[in-house]
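Visitor: I would like to learn how to read a few features here, one at a time.
Guide: Let us look together, then.

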Amino acid sequence: MSDANRTPSWTRRILKITGTFLSTSMTAALAVGLVVVGSSFIADRADSVGLPDVAPPVSVTTQALTLEQGYRVARGFVGQLEAAQQADLAFEAGGTLAEVLVEEGAHVAQGAILARTDTRGLIADRAALLAARAGLEAQLELAQLTLGRQEALEKQGFAATQRFDEARISVTELTARLDQTDAQIARIDVRLDKSVLRAPFAGRIGARMADLGQTVGAGTPVLSVLEEAAPRLRVGLPADMALTLEENAQADALFGTQRYAARLVHLRPDLDPRTRTRSAVFELILTEGDTAPAFGQSGQIRLTQDVTDQGAWVPLTALREGVNGSWTVLTVDGENRAALEAVELLHSDETRAFVRGSFADGAAVIAAGPHRVVPGQSVDVLE
């Protein structure tokens with residue numbers, strides 16, 4: 001048996017472990033050396049480049065926040081323009097339409113004749129009554145002469161009382177018949193007058209619902225007339241808003257780009273069951289040269305409402321969106337550093353918003369471009 005074979009097994013294991021340890025140690029030492037050399041190289045490169053220049057502060061404009069106890073809101077309410085008066089004209093008695101003197105859109109004065117029905121039958125009846133009246137007048141004249149003679153004979157004792165009474169009653173009867181005939185003539189005159197349609201007020205003709213030769217029944221509309229003076233805009237107002245209006249309250253009426261002054265004419269005391277609003281009627285105040293919008297056109301009444309709530313006005317450009325739908329602004333402290341302030345948006349218009357938040361009265365808020373600044377950053381405030 002050789003010497004190697006005679007070496008104990010535990011000795012061989014120790015030698016094997018020792019060789020592995022030495023190999024691992026040499027590998028680790030080599031890695032550490034490489035890391036040290038690399039770090040030194042990188043440090044030398046960084047020292048040769050130098051430090052970057054410090055960025056200048058961001059220039060911002062600020063606006064002082066002034067706390068106020070409320071704000072005024074302009075609100076618009078849509079309605080339709082209507083005439084102050086509108087009438088559908090009809091004849092009280094039916095007949096054949098003989099004449100229409102106006103067309104749709106025509107201007108008419110109060111009392112102007114607009115249309116007539118055929119009155120030939122009424123004219124003939126009136127002529128017959130006039131003839132009958134003339135006959136009654138002749139009979140009455142004879143009866144009065146007879147009564148005078150009988151009265152003279154009775155005083156002389158030559159006439160019987162019966163004859164005198166008959167003559168007196170004959171005069172009374174003829175007088176009553178004459179009065180009856182006059183009443184019939186007056187009734188026909190009324191019917192002749194009602195066969196003519198007249199404008200109840202100055203305005204313009206709207207719709208024409210019948211043509212010449214057409215038989216119209218009593219109460220059937222023939223023409224409509226709309227009063228032009230002082231057109232009115234009817235709108236629905238919330239109950240709380242209506243309570244703030246005073247008599248003859250002034251407002252602006254808008255029709256597209258056209259603006260008119262308006263005043264409150266009346267406010268209904270009840271609520272519309274469908275819209276739960278109160279109807280308010282505003283009269284347009286037209287000056288010389290103004291052209292009123294067409295009736296039925298939609299318009300808007302602009303009213304202002306005072307809301308009591310403490311806050312301040314900020315430009316819309318000063319707002320930035322926070323988390324969960326909240327809003328923030330950036331203020332600048334005495335050291336020209338930006339600070340974040342949480343705000344609650346109460347009202348806004350085209351250019352500004354009324355907010356309340358954690359800012360103090362008189363704080364300087366960054367008016368534009370807050371997204372360019374982060375809280376704690378130094379800023380350069382421009383005048």
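Guide: A residue is called buried under 20% relative accessible area, exposed over 50% and partly exposed in between, using a 1.4 Å probe and protein chains only. This is a predicted model, in which local features need pLDDT of at least 70 and side-chain atom pairs count only at pLDDT 80 or more, while totals for chains, interfaces and linings use all residues. Residues are numbered from 1 along each chain as its sequence is written, and side-chain values use heavy atoms, leaving out hydrogens and water.

Visitor: Is Gly148 buried, partly exposed or exposed?
Guide: Gly148 is partly exposed, because its relative accessible area is 35%; it belongs to helix H3, residues 120–156, where helices (H or I, at least four residues) and strands (E, at least two) are DSSP runs numbered from the N terminus.

Visitor: What is the phi of Asn248?
Guide: Most residues other than glycine have a negative phi. Asn248, although not a glycine, has a positive phi of about 60°, and it lies in the loop between helix H5 (239–243) and strand S12 (250–255).
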